[in-house]
4 protein chains.
Amino acid sequence: MTTPCPDTKGYFLTLSCPNRPGIVAAISQTLFDAGANITEAQQFDDTGSGSFFMRIMFDVVKGGRTEADLRGIVDGVAREFGMDYRLHCQSYRPKVMILVSKFDHCLVDLLYRWRIGELPIDPVGIIANHPEDTYRDVDFYGIPFHYLPVTKDTKAQQEARILELVGESHTDLVVLARYMQILSNEMAAALSGRCINIHHSFLPGFKGARPYHQAWNRGVKLIGATAHYVTRDLDEGPIIEQDVERISHADSPEDLIRKGRDIERRVLSRAVRYHIEMRTILNGNKTIVFTS
Amino acid sequence: MTTPCPDTKGYFLTLSCPNRPGIVAAISQTLFDAGANITEAQQFDDTGSGSFFMRIMFDVVKGGRTEADLRGIVDGVAREFGMDYRLHCQSYRPKVMILVSKFDHCLVDLLYRWRIGELPIDPVGIIANHPEDTYRDVDFYGIPFHYLPVTKDTKAQQEARILELVGESHTDLVVLARYMQILSNEMAAALSGRCINIHHSFLPGFKGARPYHQAWNRGVKLIGATAHYVTRDLDEGPIIEQDVERISHADSPEDLIRKGRDIERRVLSRAVRYHIEMRTILNGNKTIVFTS
Amino acid sequence: MTTPCPDTKGYFLTLSCPNRPGIVAAISQTLFDAGANITEAQQFDDTGSGSFFMRIMFDVVKGGRTEADLRGIVDGVAREFGMDYRLHCQSYRPKVMILVSKFDHCLVDLLYRWRIGELPIDPVGIIANHPEDTYRDVDFYGIPFHYLPVTKDTKAQQEARILELVGESHTDLVVLARYMQILSNEMAAALSGRCINIHHSFLPGFKGARPYHQAWNRGVKLIGATAHYVTRDLDEGPIIEQDVERISHADSPEDLIRKGRDIERRVLSRAVRYHIEMRTILNGNKTIVFTS
Amino acid sequence: MTTPCPDTKGYFLTLSCPNRPGIVAAISQTLFDAGANITEAQQFDDTGSGSFFMRIMFDVVKGGRTEADLRGIVDGVAREFGMDYRLHCQSYRPKVMILVSKFDHCLVDLLYRWRIGELPIDPVGIIANHPEDTYRDVDFYGIPFHYLPVTKDTKAQQEARILELVGESHTDLVVLARYMQILSNEMAAALSGRCINIHHSFLPGFKGARPYHQAWNRGVKLIGATAHYVTRDLDEGPIIEQDVERISHADSPEDLIRKGRDIERRVLSRAVRYHIEMRTILNGNKTIVFTS
């Protein structure tokens, strides 16, 4: 998320570094000296790895600072403490590319939340491996649609084209909204930290094909869904959000799929919200999520 | 649960048979003719396997029928439709043997629910593989305690002794209340359909040792517990009940274990309640649970 | 729901009557004699009021019976036991009229579930007290739209027009999908038992205007929504379904409203599903809901 | 919580003050200069009231500082920003007085959590308005028991005696563990901010007597419990924690009471944990709860 937004006064800042005394004092003092007022802050000490993570929201109350100025100021502290950090204005709407296969419930849900102003994103494109007519009942509101069919033989080219579209559109976040294709390792690496998948059924219990049927065969009493960052192992990326619903022996696999749609769309939309509000920081194979 | 209770008028009846028209009519008419009034009934058609399952609660409103009389009457319908059935008076308190290892939270919880009259059971014994002094802070209320240590070499004898105690006490239900020993296949078979285990952490996600640590390592956002009937594969028996709680990145493995204790005790006590109220019927590797 | 559907073999039957021995036997035998096979049945004894309630799903396996034939057959038992009953073919799609005000999330959700075949209804109209342009981003899929503005002075006429539309369209169910007008007593009476409202925020805690702001002012840690049948007292009708989500001190009233939208749409859609699957029976100021 | 604990290095600090730029910088720098390392910090800006709230956990990594030293150091910042603050060592076990009436499930639950080391409290007494024999099945583990019966006429004296016991024992927190007496305004004022009540049934829906019966009469589909700080209006104090469980039409008032016991004990124990970990700060008629 690199586009500056000069007219804003509110910023998100996330950072991580090896833990040692004085980090909070240094960053708070630096921001204060720069005319900033911290409005929200959350931190986490991973005592196991010795890493420190922090998310700060602040307002620039003294005039005249640009985002570039602020980066310059934070750079000093970052060097001192060996920090990775991300800083962005709160008013920026991340550019989101949505990938979809046959089932459109997550796509429709995300577009609805965007349309009523609930999800402050800028949808720059919809990519599907099914023809546009599949979605004839879905209003795309003028968002560019790209039909990119894929077979085993054309997978490399198709993924190259997706990355091209992602690049051209300056996409900040790719959302796999029930996109039922496994990304290649290269593709997963290229989108590392900026691609969210919704895994239907409840990770880590039921991987592989037809997870709701697996859950039904196992006779479980709860089903769920998991949203996670995409890594090489499609079903094993850092988890962002999960939720469940109760089922009974009387529920058919079709009932599970129906209940699953509700869980999937709310879990995915929460994960997207956490990402765009910069509430998430990757920590190895886990995700730190600073919820409200 | 075979002890008759001559002074009662209320009965539980569960049955299963191949599905075909007329089952409900036949059983309802038979019970009506026997002077019984159905007060609650639930059924399930497993269209996949073609099996029919039913649970009936009824009161005998005409006098003079004993449990044996009623069995004689139901036998006729059962033969006609090829039914397996279980019939028992509602006032019977199943004899329960509780097995426990080091952690006592499930044991204490079950005893509490029994003590205040919430769980209508008759606890006939507590078997532990740790010495009695381990539970010096637990009031057993006079329930016989059996210390049966177990090593790899003595496992066969220890299990034989357990089965002996189960037999002598006419135990109806064995509850593994965080009993951290894997039962032998023979033992599991001997207790088939009358032994409930609580699996800490969330099946089927995390099997094996230290499941909460596994869940923590995986960075999940929900943890849970599963109560199931014991089969040869300890972690794979027919599921009776599950529940979850939300966790965050800030929860340590110890926090997960703490939250897990709350989930475990409520899931296990619900499963025991479902069993003793004859709400459960085994259906292959699944459990039908007729909840209210 | 009175339109016959001659080509079906599956039926819903719900009934209520004063409790006495023999009801289940009589109805099961009658259906069996009529060539029907009961596939699902649930019952409830209200021991307080002495009333008996039952829901039956059955297939007619012998040919040639029409819905009228079946009614004729059930009439006999109904007279004997003083039953109120409703019988309808399972393939019938109830005609649904949706009323909406400014906020469209429940409307859009219901239309989506209908469009993908999840909710087997026949939407016969949308009535709004805001002009059609308010919903310019909503695809009505050709469903007739009626703009019926309302003021204090025109309320009687507006309601008369609604009832006219309901009558002309043979509407089976009216859904108040965040329709922010209080119905007159006459209107509520006219739609008794066939009008479902979604009450935002958590009944019975917060009645009146701006319930999410009330909940926020009170500092609650859970918010919820309630779907209920409409009666004279708008906020006090028989409850069909409720759900909640967790909130924190950091959630603003706007966050509550956002989370509330998710709860409202899933609670309302479940209530509509329960109604059209004839899982609900009114019992005084309560609703019996035979969930799966 | 005023007893110093000289051998510890970990401290809790909570503070509140009018919001203005520089608070976080000042407090972080001050603690850093004092040789402290912040291990956890959470804050909340109440933009409505213009108040700022913060909770900090820190370790004193440079030797030699006592709790009194630290207070002296924090006093400076507190004066500058007009802060109210509380500072205490993490190893301190708050002295807790538990009040109980007839039902002992919350009492037994708290004692269990304390006994296994889950709840780091120091129970200094149990006060009951029923005779000791009422709790003959409860192990008090030597905690002093006080039978203080109360009638309308003796209420003033009884409360005076309670306050005396609270004073003599240096009680930090009074827990009303299903203590079914309404405190006088004077008593509530005397225990302001250090007395937690568990309200059975779901506030704010059902106040007054027999709330589960009220909920049952209303036909609700969820019941819950609320833990809150005690104020003059017993049912209206600042809410700390709430939870719910699903019920159905088939649940009797007794079933609601049974399910309610489970909710009450987990909600109350969470609220006590939040209080003793200094996660709660009063904000008018609300409670800020910095959960993990």
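Colleague: How many residues line the largest cavity, and which lie nearest its centre?

Modeller: The lining of the largest cavity consists of 21 residues, and B:Val108, B:Tyr112, B:Tyr141, D:Val108 and D:Tyr141 lie nearest its centre. This is a predicted model, in which local features need pLDDT of at least 70 and side-chain atom pairs pLDDT 80 or more, whereas totals for chains, interfaces and linings use all residues. Residues are numbered from 1 along each chain as its sequence is written, chains are lettered from A in the order in which they are written, and side-chain values use heavy atoms, without hydrogens and water.

Colleague: Why is this space called a cavity?

Modeller: The term applies because, on a 1 Å grid over the protein atoms alone, a 1.4 Å probe fits at a set of points but cannot get out; lining residues have an atom within 4 Å of a point. The volume of the largest cavity is about 320 Å³, a volume being the space filled by probe spheres set on the points, which are joined across faces, edges and corners.

Colleague: Which element supplies the largest share of that lining?

Modeller: H3(B) does, with six residues. By class, the lining has ten nonpolar, one polar and ten charged residues; here Asp, Glu, Lys and Arg count as charged, Ala, Val, Leu, Ile, Met, Phe, Trp, Tyr, Cys and Pro as nonpolar, and the others, Gly among them, as polar.

Colleague: What is the volume of the second largest cavity, and what classes make up its lining?

Modeller: The second largest cavity holds about 260 Å³ of space. Its lining comprises 16 residues, with A:Val108, A:Tyr141, C:Val108, C:Asp139 and C:Tyr141 closest to the centre. Ten are nonpolar, none polar and six charged.

Colleague: What makes A:Arg246 and B:Asp243 a salt bridge?

Modeller: The rule asks for a side-chain nitrogen of Lys or Arg within 4 Å of a carboxyl oxygen of Asp or Glu. Four salt bridges are found across the interface of chain A and chain B.

Colleague: How many residues of each chain are in contact there, and how much area is buried?

Modeller: In chain A, 32 residues are in contact with 32 of chain B, contact meaning heavy atoms within 4.5 Å. The two chains bury about 2700 Å², 54% of it on carbon and sulfur atoms; buried area is the accessible area (1.4 Å probe) lost on being put together, summed over both parts. On the side of chain A, A:Arg218, A:Lys221 and A:His249 lose the most area to chain B, together 26% of what that side buries.

How values were computed. On a 1 Å grid over the protein atoms alone, a cavity is a set of points where a 1.4 Å probe fits but cannot get out, and a pocket is an open set with protein on both sides within 12 Å along at least five of seven lines; lining residues have an atom within 4 Å of a point. Helices (H or I, at least four residues) and strands (E, at least two) are DSSP runs, numbered from the N terminus.
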